[in-house]
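Hi,

Here is the structure I promised to pass on to you. Have a look at it first, and then read on for what turned up in it.

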Amino acid sequence: MRPRLPERRSLRTCLLLFIGVTLVVVCAAMALTTVLAQRAYLIGNLDQRVTDAAERSQGGLQRRTGDDTDLGFLNERGQAVGTLAARFAADTDTDTAADGTGQVIAAQVVTDDGTQQTLTTAQRAALDGIATDGSLHTRTIPGLGTYRVTAIAGDGVPVLTGLPMDDVQDMIGGLVLIEAAAGALGLAAAGVVCAVVIRRQLRPLGRVAATAVEVSRAPLGRGAVTGLTRVRERDTYPGSEAGQVGAALNRMIDHVESSLAERQRSEERMRRFLADASHELRTPLASIAGYAELMNRGTQRIEPTLAWRRVSAESARMTGLVEDLLLLARLDEGRPLQSSEVDLAALVAEAVWDARAAGGGHDWQLALLLDTPALVRGDEARLHQVVANLLANARVHTPAGTTVVASVEATEAHCVIRVRDDGPGIPAHLLPAVFERFTRGDVSRSRNTPADGGSGLGLAIVAAIASAHGGHIDVQSAPGRTEFTLTLPPSHALAEAPSAPPPTALATSDPRPDRH
């Protein structure tokens, strides 16, 4: 049982979550920074006011002649509502603690109506422990709220002064509410905009995914595969990631379609190949069986010598076909051929002499156009088979009196063998498939004489051997001129390449003519 994969959110959801969390973090950081900066500024301003009030209070106290509890300086002009003042014990040697703090013996606060209100014992207790060194402290006084206080001594009488923090706290609280409301509205608007933008931007990717799903449902395993759905052009713009995915999907679909089409063509060629090979083998077998049956019925129906001669001919024909098929199979496997230095000029000359002996009704000519020696590395027997097949092909498929010219050209770059005739030419519809197996001009499979043509493997063998030698063969044909061109690399071009150990020689077969 396959393990269940963890569920994953969609890309749209992940983007929205990521952007939303990022915006929340950024907004929170900005709001916190603003609140802290504003609070620091307000506290600093309040601290300065508290220090100034303390200095004024000490100055006013020095001008007064009252006792140690006299706080009459609070009646002076300039004292803000809520200003708090306190007196310490005058004898600092006995009433002041070792850490510099004094005992509050009197404390008053300015009320809203401008009068002074004396603090209770509990309220004064909240002011204890404040050092007279001018440092600022925050204290919560019961019934009055939070105060920012300081105590100074200087050269005069120690005094404590404080101002309420209600205004600062109210301002900071209002700022927090405003930023929270503005942040919430901004985040909501940003979330809506991001959702719309992400949806619109991911819409092409959704269409690409829909195309991929549609292609995945196509029956690719059978029949001709054509007309697969493609991503629309507007969704293949290379400037966007979705467009790049769409273009890549189209290329993949093209590749899949072309590969499947090539596979179907290959299967059709294989079926045709098997059908042709079966018939080619069945024909001589049927002939052999027929002659054997006639001989079994008695010599009155057929002469034994003629029967054995026909049986031998059909056996040779079947043997040659099997050897040709075996040779093509070995070449398809990529088995290396025997390698030795071959002189193409001598090889073509010998093949022309053999063709002149076999086809005296044709005009055979040899042309050597050599800038350098026409030397190649390869299997001499196979190269001779290539030239013999081309010459036999020209002999069989052209009428008597046709001129056939075999030429050899050699340069530093390549060696070329050309076989040209002035016969009727190859039908145009056969040219694209002339080097395929079992390609013949007569689509029927009945051939009574050698002049009717071979099995259709001759030119296929020529192309396979040329490819095995690192070369290639081409054909150009028109009425009155047909030319096969075999191009091979010269031997010096392969001098630096490591050579494989020569394999066992492949089975030879007699050249048989196959043009169309």
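At the start of helix H7, a side-chain oxygen of Asp 343 comes to within 3.1 Å of the backbone nitrogen of Ala 345. That is a polar contact (a pair of N or O atoms within 3.5 Å; within protein, one must be able to donate a hydrogen and the other to accept it, and residues adjacent in sequence count only if both atoms are side-chain atoms). Before going further, please note that this is a predicted model, in which local features need pLDDT of at least 70, side-chain atom pairs count only at pLDDT 80 or more, and totals for chains, interfaces and linings use all residues. Residues are numbered from 1 along each chain as its sequence is written, and side-chain values use heavy atoms, leaving out hydrogens and water.

H7 covers residues 344-358, and its 15 residues reach 21 Å from first C-alpha to last, close to the 21 Å expected at 1.5 Å a residue (the expected span is 1.5 Å times one less than the number of residues). Helices (H or I, at least four residues) and strands (E, at least two) are DSSP runs, numbered from the N terminus. Among the buried residues of H7 are Leu 344, Leu 347, Val 348 and Ala 351. Buried means under 20% relative accessible area, exposed over 50%, and partly exposed in between (1.4 Å probe, protein chains only). An α-helix has 3.6 residues a turn, so residues three or four places apart point the same way.

Two of those names come up again in the largest nonpolar core: of its 47 residues, Leu 344, Val 348, Leu 390 and Leu 391 touch the most other members. Such a core is a set of buried Ala, Val, Leu, Ile, Met, Phe, Trp, Tyr and Cys residues joined through side-chain atoms within 4.5 Å. Apart from it lies another core, of 15 residues, including Val 109 and Tyr 147. Leaving aside neighbours within four places in sequence, Leu 344 is in contact (heavy atoms within 4.5 Å) with residues including Val 376, Leu 383 and Leu 488.

Val 376 takes us to strand E9 (residues 375-378), where Val 376 and Gly 378 form the covered face, and Leu 375 and Arg 377 the uncovered one. Strand E7 (residues 340-343) runs antiparallel to E9, joined by 4 bridges; two strands pair if DSSP finds at least two bridges between them. Ser 340 has Gly 378 as its bridge partner in E9.

Where else are elements well covered? Helix H9 (residues 458-468) has 8 of its 11 residues buried, so it is largely enclosed by the rest of the structure. Its buried residues pack against helices H6 (304-332) and H8 (380-396) and strands E12 (472-478) and E13 (481-488). After H9 comes Gly 470, with a positive phi near 80 degrees.

Strand E6 (residues 159-164) is also largely enclosed, because 5 of its 6 residues are buried. E6 runs antiparallel to E1 (residues 84-88), with 4 bridges, and antiparallel to E5 (residues 145-152), with 6 bridges. Leu 160 in E6 stands opposite Ala 86 and is the bridge partner of Ala 151.

For the whole picture, the protein chain has 9 helices and 13 strands, and buried residues make up 37% of its 516 residues.

Enjoy exploring it!
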